[in-house]
Amino acid sequence: MRLQAKLAFALMPLIALPLLASGWLSWSYLGADLEREARQSLNTAVHLVERALGDLVDNAYSSLELLARAPETERYARATNVQDRYFLFQAPLLKLFQDYRRTYPEYLMIRFLLPDGQEDARAADLGFDEQSDDVPFEEPLPEYSTTVVPRLDTAHESLLFYRRIELPQQFSESADGGYSLRGYVALTVSLAGIYRQIAETRPMLGGWLLLVSADGQVLFAAGEEAADAKVPVVLLEQLGRLDRPDMQKTTVQPMTMRWGGFDWLLQVHPIDADLYAVAAMPAVALSGPLTDLALKILVMTLLSGVLLALVLYLSLRRLVLQPLELLRGAARAIGAGSLTPTIAVQSGDEIGLLADDVREMGHRLSTYRKQIEDLAFNDQLTGLPNRHLMRELLKTHLEGCQLADERLAVLLLDIDNFKQINDNLGHAIGDQLLKTLAKRVFQTLSADEQQGRSQVARFGGDELLVLVDRLLDDTEPNAVAEQILEATTKPFVLDDGHYVVTASIGVALFPRDAATADELIRCADLAMYRAKAVGRNTYRYFSPELHIKASERLLLEHRLRRAVGDRQLHIQYQPLFRIDGLQLAGFEALLRWTDPELGVITPTRFIPIAEQTGLIEEIGDWVLQEVCAQIARWDAAGLAVVPVAINISPVQLLRGSLIERVEACLNQFHLPPDYLHIEITESVLMDSSPINSARLKGLARLGIALHIDDFGTGYSSISYLRRFEVDCIKIDRSFVSDICSSHEDRALVTAMIAMAGALDVTVVAEGIETQEQLDLLRELGCDLGQGYLISRPCPVEEAERLLRETSASKPWQSPSLSNLATPRSPDP
């Protein structure tokens, strides 16, 4: 028996039984859903009527309350003189009533009744006014409560509402604290709007929706032939039961009842003013759709079975039988030497994967044959496998390690300072060095126990890639790296000269670090650059932190470039106070960055990136411009301006135009130089080149005070203070934090303060966080301080507030740092 016949016999019962079962379940569920929807439709209809009438009643009560409290109504009710009432107060009252009627067209009539119930004023629709002249006042008026339940007026299809008007005697409460009845406001509201909503909210499947009074009178009916409907006796009994006090606001569950010779599904719900909403649906309306549904499902099931069988047969033929024939023909073609036959099979199933494997097999065979013909497997200089072949070999080794659950190491070697060798000795010497190094590495691995488990390839330029398969233990990559480094450091005889070079190696492990060839190579590359960063001539293993740091740095660089363009950077000002007296002495401008996605980025993270990418120049110019502009605004506002210190990066100092930029900015905003101070780190002072010295002296020549930030953490030297005319040193917070508990830190801070005092240099203590630190620094004679104990960095508004408070405290005496240590004039 052929394969297609076997598949037909196997699939036939699997198709028929599920289809029949699904058809029966569909009919059952859909029938239940239909009945549930019918009941829900009835319930929704009666509640919509209740809500509509409730809204009408609430609006009427609200209008009555507003009418009763209106000044026109109160004046009319208070009038005791009949002439005054009719001639002075009736016109405003009627205007008020007519305004309400224009606003609410459903208000047919608004009346004012005297305390005895006699009508005294009326505003009514013209047609209704003529019909209601003989409307008797039969409803007992409210004697105690403000309003009463509305009365149904079936003759005019409306509801009547009343509201008492009680006012205090002589515009104030009487002696006995009582109020007097002055009349009533009566409101007649049309039910026409309710009837329209009933007509629009009929139940589904040809149902009726009726508004019925307590005595069984059908006030309004929506639905085909519903106008002639009469309420059956059984339903009247239900209405009587709902009229009992204990059954108020109770909804009767949907019930089946004989009505007009047919079975009906009914839903009854009481609403205000002795009215009932009745929703009805003929039972035959449900049986008809159920019968139609059953027939449709049966027909659809049969058609689906036939169609599914046909589709399955054609699909099996197209997806299985025909592809198998094509694969058979492709296998014969490959066997005959045609390595890349056309296989018209494209699918994601096992047959498609098989077809992909056959194609891949043919393409690999074809590719390998071309590579062999073109001698493309090996690097032409070293004779080692090249990058392409090494990637393929690495992929193959990885597949074997995955199947055998083995480990693998990738070592990427890069010669240190190879560019200098090429530039100084020539590319020929560089090529000879590469050949010799490749031979040494190959011999090292071949002579050791890695023989047969290792591969060496020239990966590009001065990089060699070493693969060690089936690692014996965790220390084997260490041993391999050390052997390679030892072989590298041996002198090279090149063109009658002896040369010594070093190399840096990055190590990545499978499966710990990565699972694919490209990822392993990338991990080894990151580890190799880490080895170069820690001093070269060593090796380092890959760690996730390297990838995270590389990705984070790339992301931060991208976000920082956008932040500079979008002006996301901002400046905060940390106050500097005199230690003795805590008067405001200046500010330090601190750069802050809040990224919309990454949040707050600390300067220690983004400043190094800005320096490496050159963005620091643009950022520094913006900070200088912004700070000078802010100082000018404070000065224009009449505030007693204190100096503001800005930090200058070594990269900015190297730029020749820094002095010109600072001078131009001061001139632009008409600022004296003692308003601006410059802070640099000790690393800048270590550069004793003539250019660097000239630039620092140029800043001093402008009259700008020079501060050394984080003093004591670098190569602090008194000679720096003398040579560069430093005006202020800032003791690093690491010394201040332990000054009360560490004898050594206290001695160092004491020495710094004494040295600065002898050289007439101002001292600022950073990071003051406790009162003990402040008291001790005051005792030691420190000039200025800053820290969280005194004030945190604050926005410009807070800095301005400090300036205003300082200005208002006493006549201003500039507490600037220039008063404590005036910048010395440069030597002529």
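**Helix packing and an open sheet**

In this predicted model, helix 16 (residues 615–636) packs against helix 18 (residues 658–668) at an angle of about 25°, with the two axes 10 Å apart; helices (H or I, at least four residues) and strands (E, at least two) are DSSP runs, numbered from the N terminus, and axes are lines fitted to C-alpha atoms, for helices over the stretch in contact, with angles running from 0 to 180 degrees between N-to-C directions. Helix 16 and helix 18 are therefore roughly parallel to each other, a term for angles under 35 degrees. Where the two helices meet (contact means heavy atoms within 4.5 Å), Asp621, Leu624, Gln625 and Cys628 of helix 16 face Arg661, Val662, Cys665, Leu666 and Gln668 of helix 18.

Elsewhere, five strands make up an open sheet of mixed pairing, in the order 12-13-11-16-17, where two strands pair if DSSP finds at least two bridges between them. Strand 12 (454–460) and strand 17 (539–541) are at the edges with a single partner strand each, so one side of each lacks a neighbour in the sheet. From one strand to the next, the twist averages 20°. Strand 16 (residues 503–510) and strand 17 run parallel and are joined by three bridges, and Gly506 has Arg540 in strand 17 as its bridge partner. Helix 12 (residues 476–489) lies across strand 11 (408–415), strand 13 (463–469), strand 16 and strand 17, and runs at about 160° to strand 16.

Residues are numbered from 1 along each chain as its sequence is written. Local features need pLDDT of at least 70, side-chain atom pairs count only at pLDDT 80 or more, and totals for chains, interfaces and linings use all residues, while side-chain values use heavy atoms, leaving out hydrogens and water.

Technical notes. Angles under 35 degrees count as roughly parallel, over 145 as roughly antiparallel, 65 to 115 as roughly perpendicular and the rest as oblique.
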